[in-house]
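Good morning, colleagues. I would ask you to look at the structure on the screen while I take you through a few of its features.

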Amino acid sequence: MTLVRRPPYLLFLNGPLSLAPGLRPIDPDTWLAPDTEAHVLEEKRLLMRTRRPDVLALDLAERELAPVAELVLGGQAPAAGRWLSVLEAAAATVSDDICVLMRDADGVWRLRAASLCAPTFWRLSEKIGEPLSGLHHPVPGANPGMVGRIHRMFDALRPGQVLERFNWTVQPGPDRFTPDQAPFKAKAAELPEEGALEALWFRVERQTIRKTQSGAMIFTIRVAIDPLRAALPDAAHAEAFRVAWDGIDPGLADYKGWPHYQRLVRAALAEAGISG
């Protein structure tokens, strides 16, 4: 019998997702450690080697990326294997995806480099070079005021500080490299309600931002994917999930594609003993 772990981040216990950024300071020593998803490193490194054009974008010189790699490595040696850039060498040591933003001549933060192996429904090729406003379009609530608020947070962040936030969703399968949500929506439409609790998976993004002494902003994304059944071990957890699912802002739910999973989520909750 395969042992199923307890998911490391049960965000629905905190209530519905919010449109607010929700960034909070954390101890820098906990920035990338412990790596709760270290078990996916070999899979990640294979993707980095076999699909390099799909998961890597470099619009910065190696000397500009060196401080980023130094922070990520934290004194570790680069991961085994031959990597063609310092960003890849650093990214191959952690499960987290590593994105790098820099301020341009007009003071606008833009995505300039990334190693992205577990995108949650976005393509690196479409976002590289984009400002914050482009990265957040069309999230409900990410209006010019919201983007401006995030921009000011980026400006004010000091080297040595780390901010953290979380996001979560469900998906019909354990896939990590998901630049497009369309296959999940199609699969959800085909799956029967019977067995929904086994068919759905709980996907969490742990996001952090940290600034280097050179002024580059490191945006990390750690993706944890676990069977939904493991996240709902008892009636209390299932009810908390229902409250969080039902309580989300309708616009945010539409943006995240939740209406496509509604039928399966209701069936999964019924299997867990929760109706409504």
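How much space lies in the second largest pocket? The figure is about 280 Å³. Please bear in mind that this is a predicted model.

Let me stay with this pocket for a moment. The second largest pocket is lined by 14 residues, and those closest to its centre are L11, L17, G22, R165 and F166. Strand β5, residues 162-171, gives the most to this lining, with four residues. Sorted by class, the lining of the second largest pocket holds seven nonpolar, four polar and three charged residues.

I turn now to the sheet. Seven strands make up an open, antiparallel sheet, in the order β1-β5-β6-β7-β3-β4-β2. At its edges are β1 (24-26) and β2 (56-58), each of which pairs on one side only. From one strand to the next, the twist averages 35°. Within this sheet, strand β6 (residues 201-211) and strand β7 (residues 217-227) pair in the antiparallel sense over 11 bridges. R203 stands opposite I225 in β7.

My next topic is charge pairing. Side chains of opposite charge can pair when their charged atoms come close. Across the whole structure, a search finds 17 salt bridges. One of them joins the side chains of E164 and R24, at 2.7 Å from N to O. This pair links distant parts of the chain, with E164 in strand β5 and R24 in strand β1, 140 residues apart. Are these two residues buried or exposed? E164 has a relative accessible area of 5%, so this residue is buried. R24, at 46%, is partly exposed.

A second salt bridge brings together the side chains of D96 and R222, at 3.2 Å from N to O. Here too the pair links distant parts of the chain: D96 is in the loop between α4 and β3 (97-103), and R222 is in strand β7, 126 residues away. Both D96 and R222 are buried.

The side chains of R242 and E239 meet in a salt bridge of 2.6 Å, N to O. Both residues belong to helix α11 (residues 235-247) and sit three residues apart, about one turn of the helix. E239 counts as partly exposed because its relative accessibility is 30%. Through salt bridges that share partners, E239, R242, D246 and R266 are joined into one network.

Finally, a word on a loop. G81 is found between α3 (62-73) and α4 (86-91), and counts as partly exposed at 48% relative accessibility. The C-alpha atoms of G81 and Q262 are separated by 43 Å. Thank you for your attention.

Terms used:
Residues are numbered from 1 along each chain as its sequence is written. This is a predicted model: local features need pLDDT of at least 70, side-chain atom pairs count only at pLDDT 80 or more; totals for chains, interfaces and linings use all residues. Side-chain values use heavy atoms; hydrogens and water are left out. Helices (H or I, at least four residues) and strands (E, at least two) are DSSP runs, numbered from the N terminus. Buried means under 20% relative accessible area, exposed over 50%, partly exposed in between (1.4 Å probe, protein chains only). Two strands pair if DSSP finds at least two bridges between them. Axes are lines fitted to C-alpha atoms, for helices over the stretch in contact, and angles run from 0 to 180 degrees between N-to-C directions. On a 1 Å grid over the protein atoms alone, a cavity is a set of points where a 1.4 Å probe fits but cannot get out, and a pocket is an open set with protein on both sides within 12 Å along at least five of seven lines; lining residues have an atom within 4 Å of a point. Grid points are joined across faces, edges and corners, and a volume is the space filled by probe spheres set on the points. Ala, Val, Leu, Ile, Met, Phe, Trp, Tyr, Cys and Pro count as nonpolar, Asp, Glu, Lys and Arg as charged, and the others, Gly among them, as polar. A salt bridge is a side-chain nitrogen of Lys or Arg within 4 Å of a carboxyl oxygen of Asp or Glu.
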